[in-house]
Amino acid sequence: MMELTLQWGGVLMAIGWMVLGYMVLVISFYSLLLLISFVQLRKTYQLDEREPYEELLHLHQTKPVSILVPAYNESVGIMATVRSLLSIEYPEYEIIIVNDGSTDDSLEKLIESFQLVKIKWVIRRQLDTKQVKGVYQSRIYKNLLVVDKENGGKADALNAGINVSNYPYFCSIDGDSVLERTAFLKVMKPIIESDGEVIASGGSIRIANGCEIESGEIVKVGLSRSPIVVMQVIEYLRAFLMGRIGLSRHNLLLIVSGAFGVFSKRWVVEAGGYSHTVGEDMELVVRLHRYVKEQKANKKIVYVPDPVSWTEAPESLKYLRRQRRRWHRGLFESLWIHRRLIFNPKYGSIGMVSIPYFLIIEFLGPVVELMGYLVMLLSIFFGGVYLEFAILLFLLSVLYGSILSMASVLLEEWTIRKYPKASDIIRLFFYSLTETLWYRPLTVLWRCEGILDVLRRKTGWGEMARKGVSK
């Protein structure tokens with residue numbers, strides 16, 4: 001019995017040392033990203049304080065944009081989204097709502113509220129899509145179009161919107177999102193100033209639950225009372241302010257969120273448009289990087305932290321679990337489709353750094369973390385030196401999760417400061433300290449379930465319940 005215990009203890013220690021080494025590697029990488037993000041954010045923030053964005057309203061170099069909003073059963077939030085888009089500050093743009101075969105009253109609401117009439121519209125079929133049944137234009141707002149088509153999924157709806165669009169740049173917006181008025185001026189600034197070098201630009205996504213939104217406009221930024229939502233706010237701050245700024249700084253960004261991103265239409269069409277995957281936004285960005293490298297072109301995909309799109313977050317564990325499992329499946333699909341890029345020097349830093357990072361840290365990370373939790377639990381049973389090892393692993397997991405999340409909250413307060421109330425920042429700060437104790441183990445488990453879904457070849461999005469965030 002003693003010999004068996006020692007054997008299992010040896011296996012436990014071996015796994016523990018592997019987890020320990022992995023966590024040290026990840027913490028080092030994230031700490032480097034945090035340092036890069038802090039320097040970049042402070043520099044950008046100081047410039048933004050002096051930057052007269054309003055001047056872009058009058059510059060002749062400003063690029064017109066087509067705003068695409070794929071909508072499937074978005075009756076609850078679509079009106080607020082359209083109203084927020086109609087009120088943005090930008091010289092020239094069109095709004096194209098793509099009704100992707102909704103079975104609710106989304107289309108009827110739009111027709112009635114904006115006095116839509118069916119028009120004849122020549123559609124350039126640059127990308128294959130399901131059949132378009134009709135194109136409507138508002139009598140009140142001539143730049144508002146609604147495309148009614150057969151259901152084909154989000155990627156198909158976006159491709160249909162690209163076919164209908166008039167302008168050289170397009171922006172994808174989720175059907176439940178609310179944009180700040182100056183968001184487009186800020187997200188388009190790198191594109192305007194780059195003279196064609198920047199082919200995609202993404203903004204930040206923030207959680208609207210707890211904010212006061214009236215007629216599609218943010219009246220007051222606030223924080224939800226739900227612990228689940230508060231933890232998602234912290235998670236978003238960490239992902240956007242720490243992760244994406246650091247990756248964008250060296251043109252390593254592989255995700256431009258489908259909820260708010262601007263793309264060059266020419267490059268997207270040449271690359272083949274959106275593909276029918278669960279994570280169509282990430283897959284498109286990886287394909288653009290790949291296509292650019294193969295064409296030997298000098299192009300960039302950037303992230304701009306300040307322009308913000310506010311979106312509704314799940315308020316129940318059921319829907320949050322479903323979302324995270326789907327996100328992890330989407331991550332795998334993007335990596336699998338472009339697996340030839342992994343450690344391929346032909347694709348430069350994308351193949352040698354960015355793709356391996358998303359594979360080893362983002363995709364496989366939950367498996368290693370789950371093993372770490374199991375090692376900690378079993379070490380308590382074995383006692384002695386194993387218990388000391390478990391304490392070391394726990395302290396590292398706190399550093400990995402809670403401390404880095406707390407740093408992201410401080411980064412928000414030192415730079416962008418979207419949350420005006422000190423009490424909200426204090427709540428975010430203290431909630432971030434509890435992340436390792438309950439929220440992170442849940443997300444690790446859900447992401448591991450996402451890997452099991454991949455092995456079971458599960459497909460589909462799954463239904464997400466929405467309450468709407470605008471009055």
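Visitor: Leaving aside its neighbours within four places in sequence, what is Ile97 in contact with?
Guide: Ile97 is in contact with Val69, Ala71, Ile78, Val82, Leu110, Leu144, Leu145, Val146 and Val147. Contact means heavy atoms within 4.5 Å. This is a predicted model, in which local features need pLDDT of at least 70, side-chain atom pairs count only at pLDDT 80 or more, and totals for chains, interfaces and linings use all residues. Residues are numbered from 1 along each chain as its sequence is written, and side-chain values use heavy atoms, with hydrogens and water left out.

Visitor: What makes a set of residues a nonpolar core?
Guide: Its members are buried Ala, Val, Leu, Ile, Met, Phe, Trp, Tyr and Cys residues joined through side-chain atoms within 4.5 Å. The largest such core here has 140 residues, and those with the most contacts inside it are Ile67, Ile97, Phe184, Met188, Phe263 and Leu428. Helix 6 (residues 227-249) gives the most to this core, with 13 residues.

Visitor: Why is Tyr291 called buried?
Guide: Buried means under 20% relative accessible area, exposed over 50%, and partly exposed in between (1.4 Å probe, protein chains only). Tyr291 has a relative accessible area of 18%, so it is buried. This residue is found in helix 8 (residues 280-294), and leaving aside neighbours within four places in sequence, its contacts are Trp267, Glu270 and Ala271. Ala271 is 20 residues from Tyr291 in sequence, with 6.4 Å between their C-alpha atoms.

Visitor: Why does Ser354 count as buried?
Guide: Ser354 has a relative accessible area of 0%, so it is buried. Ser354 is found in helix 10 (residues 348-363). With neighbours within four places in sequence left aside, Ser354 is in contact with Leu252, Leu254 and Ser349.

Visitor: What sets Phe343 and Arg457 apart in accessibility?
Guide: Phe343 is at 47% relative accessibility, so it counts as partly exposed. Arg457 is at 74%, so it counts as exposed. Phe343 has its place in the loop between helix 9 (317-337) and helix 10, and Arg457 in the segment after helix 14 (439-455).

Visitor: What is the phi of each?
Guide: Phi is near 55° for Phe343 and about 60° for Arg457. Most residues other than glycine have a negative phi. Just after helix 5, Asp195 also takes a positive phi, of about 55°.

Visitor: Why is the protein called as compact as a globular protein of its length?
Guide: The protein has 14 helices and twelve strands. Its radius of gyration is 23 Å, close to the 23 Å that the globule rule gives for 471 residues, so the description holds. The radius is taken over C-alpha atoms, and the rule is 2.2 Å times the number of residues to the power 0.38.

Visitor: What share of the residues counts as buried?
Guide: Of the 471 residues, 57% count as buried.

Technical notes. Helices (H or I, at least four residues) and strands (E, at least two) are DSSP runs, numbered from the N terminus.
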